Amino acid sequence: MKQSEHGISMLKILPWIMVFALAGLLAWVAQDPKKNGDELQSYLPQELHVRTPPNENTQEPAQQIDKTDTWQPIIDTQPKINPDTPAPINSYHDAVSRASVSVVNIYTTQKASSIYAHDPVLQQFFEYYGQGQEHSEGTSSLGSGVIVSEDGYIVTNAHVIERAHEIVVALADGRKSKATVVGSDTDSDLAVIKIALDNLTPLAFRKDAINVGDVALAIGNPFGVGQTVTQGIISATGRAGLGISTFEDFIQTDAAINPGNSGGALVDANGALVGINTVIYSRSGGSMGIGFAIPTSIVEQVMNSLITHGKVSRGWLGVGLAPTPINPTDLTKHNGVTIANVMPNGPADNAGIKAGDVIISIDGVQTTDPNTLVGIVSKKSPNSTLNTMILRDGVEQTLSITVGERPTQQTVQAPTQRQLTPQESERLNELLRHLQGR
């Protein structure tokens, strides 16, 4: 009889235990429906798994029942925000506003040369009759420049102002002024001009070296349409051996550079100057995504020399260098630069360098190609000393070379005044007699 009563009591209590257990389970799930619900389903058999309906209070889409066993990746539509990561840049307006006030448009007028300018007889003949060797009518060209000083100094390309009879600078605020040439360096294709205006804003130079992949903004006056900004990235640095100028260490960019952009600014995403746009690679005359700029490291050196001394002094060895063959399929490593010829009584000749010698290093820096060697020497001041390691007949030697001053292209190409030969004098007199007798 006692056992029967005990059995009856357990039957009465069991439903209440199940009710309390279910209520506790529901309360636990209610604390974090998604997390606890998913954890609960993991303990259930696969056939008992259910898909939760969409929550009307949220924007989460309803999960579709996957009828296959194929695994699907989870896509997080909400980006994770790192407080240490700067916000993405949606506009370069601030950088352009900061830099564009320092970029100017340059217009030049050139006088057309006479076709007889290179004939000394006809030249003196026309000068005798009061006619110069240039026509009065001129041709106009355009370019860009960058204000680098509150005093009115502007950096541009040497080819922009080459043979310019008159230079007019147009500022971003609408003002215009005539400019004078402070100095020009055709070896680097840089020049400095100056204007006499107040309230000028110089463009700050970037302190750190630019990196491949960094954002680049080109500001200039393409085709004379007015100040224009194009955007791209830094495609490469240290480009040399292009045959564009004597000293090459270009920044390559895919920011569109067109005729008229020469001398303009290449700036970073903060509006700091990283280079002066100088040339483009193009088969059509327009931008093809390969443009080159002179880095600020060279710009600063040339600019300071032109402003201070009116010229740029560079180191010089007085040697001719054999070109390094470029063969992409050649697996051999070329070390050193071969001397093709040595100028008599030049710095290298006085130090004992001979044709056929191979310069391996200069002051501990390996010279793997002619551009590297020229760049190292050009950065040395005249009369400084270089410790040069050469290879002669398979034997290494160390020579000390006192660097000379490199002659500029202007000096080499400067026309020389000469006296007329007797035949030329007779020809000139014959022309004069003929004209006077008519």
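Author: Two strands count as paired if DSSP finds at least two bridges between them, and helices (H or I, at least four residues) and strands (E, at least two) are DSSP runs numbered from the N terminus. This is a predicted model, in which local features need pLDDT of at least 70 and side-chain atom pairs count only at pLDDT 80 or more, while totals for chains, interfaces and linings use all residues. Residues are numbered from 1 along each chain as its sequence is written, and side-chain values use heavy atoms, with hydrogens and water left out.

Reader: Switching topic, where does Asn261 lie, and is Asn261 buried or exposed?

Author: Asn261 sits in the loop between E10 and E11, and it counts as buried because its relative accessible area is 3% (buried means under 20%, exposed over 50%, partly exposed in between, with a 1.4 Å probe and protein chains only).

Reader: What does Asn261 touch?

Author: Leaving aside residues up to four places away in sequence, Asn261 touches Ser144, Ile219, Gly220, Asn221, Pro222, Ala256 and Asn277, where contact means heavy atoms within 4.5 Å.

Reader: And Leu14, where is that?

Author: Leu14 belongs to helix H1 (residues 2–31), and Leu14 is partly exposed, with a relative accessible area of 46%.
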